[in-house]
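Student: I am new to this one. Could we go through it term by term?

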Amino acid sequence: MSKRRSAALTGAQGVSLAQKLLRERLCHQKLPDQPVGLDSQYKHMLELLRRTAVHGESNSVLIVGPRGSGKTMLLGCVLRELMSLREVQKNVLLVELNGLLQTDDKIALKEITRQLHLENVVGDKVFGSFAENLAFLLEALKKGDKSSSRPVLFVLDEFDLFAHHKNQTLLYNLLDVSQSAQTPVAVVGLTCRLDVLELLEKRVKSRFSHRQIHLFSSLSFSQYVDVVRAQLSLPPDFPDPKFSDEWNHSVTKLCDDKTVEEILRRNFNGSKDFRSLHSLLFLAVSRVSVSHSTLREADLIEACRLISADSKANVLHGLSILELCLIIAMKHLNDTYDGEPFNFQMVHNEFKKFIQRKSHSIHKFEKPVVMKAFEHLLQLELVRPVDSGVCKVQREYQLMRLMLEHGQVMEALQKYPQCPTDVKQWALSAFG
Amino acid sequence: MSRYITRLRMRRTYKWNGRPIGEDRKLKRQYYESMSISVEGKTEDATVSLGQYILIEGDDDDNPFVAQLRKLYTDGKKKSAVVQWFVRMCEVPQNKRKLLGRDPHPQEIFLYQDRSCDNEVDGETILGAVQVSYVIICFYRNLLGNKVDLLSDGEDGDDDDCFVPSKTDLQSSSDEEEEAKIDSEDELVVKKCRGSRTPRSTEKTRVSARTPRKTPIKKTAPATPRTPRHATPSIPSRSAPARKPGNVLEEARARLHVSSVPESLPCREQEFQDIYNFVESKVIDGTGGCMYISGVPGTGKTATVHEVIRSLQQSAEQDEIPHFRFIEINGMKMTDPHQAYVQILQKLTDQKATPDHAAALLEKRFSTPAPKKETTVLLVDELDLLWTRKQNVMYNLFDWPTRRNARLVVLTIANTMDLPERIMINRVASRLGLTRMSFQPYTFKQLQQIITSRLNRVKAFEEDALQLVSRKVAALSGDARRCLDICRRATEICEHSGSQKNGSGLVGMSHVMEALDEMFSSSYIAAIRCASVQEQLFLRAVIAEFRRLGLEEATFQQVFVQHQALCRVEGLQPVSVSEGLAVCQRLGSCRLLLLEGSRLDLFLRIRLNVSQDDVLYALKAD
């Protein structure tokens, strides 16, 4: 029966099913089965947390790695395996905090108390003042002992932000508990800052075990391509074997392609983390439709173009000719005065010189019109005032800076639809 | 529910009843049989007479002292009384409570026979009479550590017989009290502890128990628990017990954990002795004093003080020195310096109060003379956190011990040696006095001794490995915690490598080296080596731009120009500004670069957080 149904999957169903599966994978909704390239760290973490859960040994550890290097994923995988142990399942309390959410110790304490379901919690409310909560929690942790009370795992995401709390009270107390014969705790901090230990006060630092797990990806490019292939392939238990075979075959072929390799290498050179890779692949996968049910290199090229597009280049395309001329005038000013700030009057003069000298296609604009165009550029933040208007200067004489790179202007000119030739020439000429 | 505090504010007047029954010419005293107390706003007078149980004003308004009146006399000016003290369960030291062997009734009182406390009180502190019901005379081990002969087993049996009816009585009486709170008067159950008792006094209590009280002067509810939904702080217990260490390495690891309490504290004998002598002398003399202890983290300050207190408590238990109370507060474990008062008060009397009220109560407690006061030893950890602008918390902490009747010993701990000079104003520093001690960082020999004594003949380390760890830590910080942590990590590494190749099974040099490397080596170089090509190029561009400018700071725009040029040199496709900015932000988020003013976009200021040489070294190697 099921076989008949699976065979009956139409092309459209197959495509949408495959897309759903891949999207789940690429949007980090599901933990991967095994963390890629982090085996030793995985073992270390698992062993550490297992000892807390099983032996009641208190520990503290920091996981340090750049953004997108898989810190949360690693911890998620470790916790998943840990919780699947029968010995551990009912024996561990987990408290998860995030430095971006718990911005001070008061909120953090309430959250800890809530997640531990201590006795001063009714429903979702925590009773008592900040001082009472702290005393209560410390008393609770102090009463426990190594052999009889449940170990508590504290996960502090964005650990560095906790170090900015007043007096670092929370960190001191958690780490102090981890270094004294009280309820066994494991304090796991996740951070992307390499200098996080320098943020800790010395008495807090002394209580931290100095155990740091670094996640630096040392992937080579060929491993990277392997990961891409694995990420895009459909699993063997996909309901429609014919579709998945075809799909997997096309993915393998795609990865060997020269242009695709170039795109991937470019991405790899930019950053090695998987988050940026996932966003690239996600865009490509989304372009698959019923009409072409496999992933093609054109999809990847398009996705790459979208991802690597300069954010300001798009803004420049929407400008009027007058605004573009003003930008060019500013560029010339930048060249002549070596990046010194300018004001509207200077830009206007430069523009007038150009009009007088060789303007055939652009007619003369009144000064208020030019001013209006200039203000539009100000609104788009393509120019910015040097100091945000502390002193009262007439608007024409306020000093400004151009927020565009030389290259960005030239590129925009190349792509600008129907750009007058004399404007182009003006932009290319070495002097205004 | 009237509280005694309201009564305190009422004026009481005291008057002798009848003629004096005797006179002592030498002392110019006249003895009386009874005294009447009239309270403002009450029509009836209360009378207290000899042999009756009375309440005496104390520092806890809810629980005044209880005593039996023995003598009443006047020396012409002042009315005085001689009393036999009784104590409530809450006044009995914690470590003696368990000697009772059962749960006490909340209203139960015990005979107090310590000669150290004054049995003469001012007659005007008497609050009134109290009725004592259910006099149970039993033979019981002395609860209060007086010198009493222990009872033989046979007599213990007697006391069991005695208890059975009394318990049921207690229950029924407490039930009654809850139902009829308003008209029940203070009922206290006397539990006599037999010591050097005279039969006369037992007779007396019987008499007083039989005689109904003539004049009920006050109505108080018994001290039943005030908050019925009082939450107890606790962590749920685990379903399966924790596993015990299995092999030598696990055993060693458990012993090396900072939390495990060692049998003794090696290498701190001198400091131990100094603190011990200080506290002991103060406890014996019944005076007060302050001591300031300083030292860098991990040098065993708190551990030593705890060790001192432990051994002092032991000798107090053996009655070598008078009893004392130990209270500990930690500046880091409170949210606000003024919470110190609340915590001290709560630990002393189990009362809850606001900081201001607590300060007032403590002030009163430490400044008024009170009978049967034992010395309080107060440990203030992380003293520097108690700093406030007016420094009133510190001032009070150091001022109380100087009061005549305070009997308070304050031990303070902080990290910095010159804290008194640096942050304290003169009047605070002066009160702290000059009793100071500083804990030096451990030397490598001491660290080695600490580990060896902790391991206590569990053979898990090679001698050389231990020496390496202690030398390294001693050179860096002298922090014993660090030393123990490294050893612990080394055992883990040894365990892992041990499963692959069979070594001696001991933790050797290589394992220790690896652990040291993990903990002390800077991660910047590894981070640069593992960075992506563009990130490495960007760092190189930063250095190139710094060299060009001759400054240690550049804007993003300047660096980006260099970056583009480098890309071309390396044969890579130049990146767009957005991508370049993303690379820059990534480096900034792991603090390889320091970024300032990220809203400035192209004019973002960039500085290096690593030395240029480190960057070049890291980039050259590959």
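Student: Where in chain B is the place of Arg407(B)?

Tutor: Arg407(B) belongs to the loop between helix 10 (392-399) and strand 16 (408-414) of chain B. Helices (H or I, at least four residues) and strands (E, at least two) are DSSP runs, numbered from the N terminus. The model is predicted, so local features need pLDDT of at least 70 and side-chain atom pairs count only at pLDDT 80 or more, while totals for chains, interfaces and linings use all residues. Residues are numbered from 1 along each chain as its sequence is written, chains are lettered from A and ligands numbered from 1 in the order in which they are written, and side-chain values use heavy atoms, with hydrogens and water left out.

Student: Why is Arg407(B) called partly exposed?

Tutor: Buried means under 20% relative accessible area, exposed means over 50%, and partly exposed is in between (1.4 Å probe, protein chains only). Arg407(B) has a relative accessible area of 28%, so it is partly exposed.

Student: What is the phi of Arg407(B)?

Tutor: Arg407(B) has a positive phi of about 50°, although it is not a glycine. Most residues other than glycine have a negative phi. Asp319(B) also is not a glycine and has a positive phi, of about 65°. Asp319(B) lies in the loop between helix 7 (301-317) and strand 14 (324-330) of chain B.

Student: What makes Asp319(B) partly exposed?

Tutor: Its relative accessible area is 26%, so Asp319(B) counts as partly exposed.

Student: Why does Gly478(B) count as buried?

Tutor: Gly478(B) has 0% relative accessibility, so it counts as buried. Gly478(B) is in the loop between helix 14 (463-476) and helix 15 (480-500) of chain B.

Student: Which residues does Gly478(B) touch?

Tutor: Contact means heavy atoms within 4.5 Å. Leaving out residues up to four places away in sequence, Gly478(B) touches Gly298(B), Thr299(B), Pro441(B), Tyr442(B) and Val473(B).

Student: And why does Ile450(B) count as buried?

Tutor: Ile450(B) has 9% relative accessibility, so it counts as buried. Ile450(B) sits in helix 13 (residues 444-455) of chain B. Not counting residues up to four places away in sequence, Ile450(B) touches Pro266(B), Cys267(B) and Tyr442(B).

Student: Why is helix 8 of chain B described as largely enclosed?

Tutor: Eight of the eleven residues of helix 8 (residues 339-349) are buried, so the helix is largely enclosed by the rest of the structure. Among the buried residues are Tyr341(B), Ile344(B) and Leu348(B). The cover over the buried residues of helix 8 includes helix 7 (130-143) of chain A, together with strand 14, helix 9 (355-367), strand 15 (375-381) and helix 10 of chain B. Just after helix 8 of chain B, Asp350(B) has a positive phi of about 65°.

Student: How do you know that helix 9 of chain A is largely enclosed?

Tutor: In helix 9 (residues 169-178) of chain A, ten of the ten residues are buried, so the helix is largely enclosed by the rest of the structure. Thr169(A), Asn173(A) and Ser178(A) are among the buried residues.

Student: What makes a set of residues a nonpolar core?

Tutor: The residues must be buried Ala, Val, Leu, Ile, Met, Phe, Trp, Tyr or Cys, joined through side-chain atoms within 4.5 Å. The largest nonpolar core has 76 residues, and those with the most contacts inside it are Leu116(A), Phe538(B), Phe556(B) and Leu593(B). Helix 18 (residues 533-549) of chain B gives the most to this core, with seven residues. Apart from it lies another core, of 36 residues, including Leu322(A) and Trp426(A).

Student: How do you know that Arg401(A) sits over the ring of Phe603(B)?

Tutor: A charge sits over a ring if NZ of Lys or CZ of Arg is within 6 Å of the ring centre and within 35 degrees of the ring normal. The charged end of Arg401(A) is over the ring of Phe603(B), 4.7 Å from its centre. Arg427(B) lies over the face of Tyr395(B), at 5.5 Å from the ring centre.

Student: How much of chain B counts as buried?

Tutor: Of its 622 residues, 50% count as buried. Chain B has 21 helices and 20 strands.
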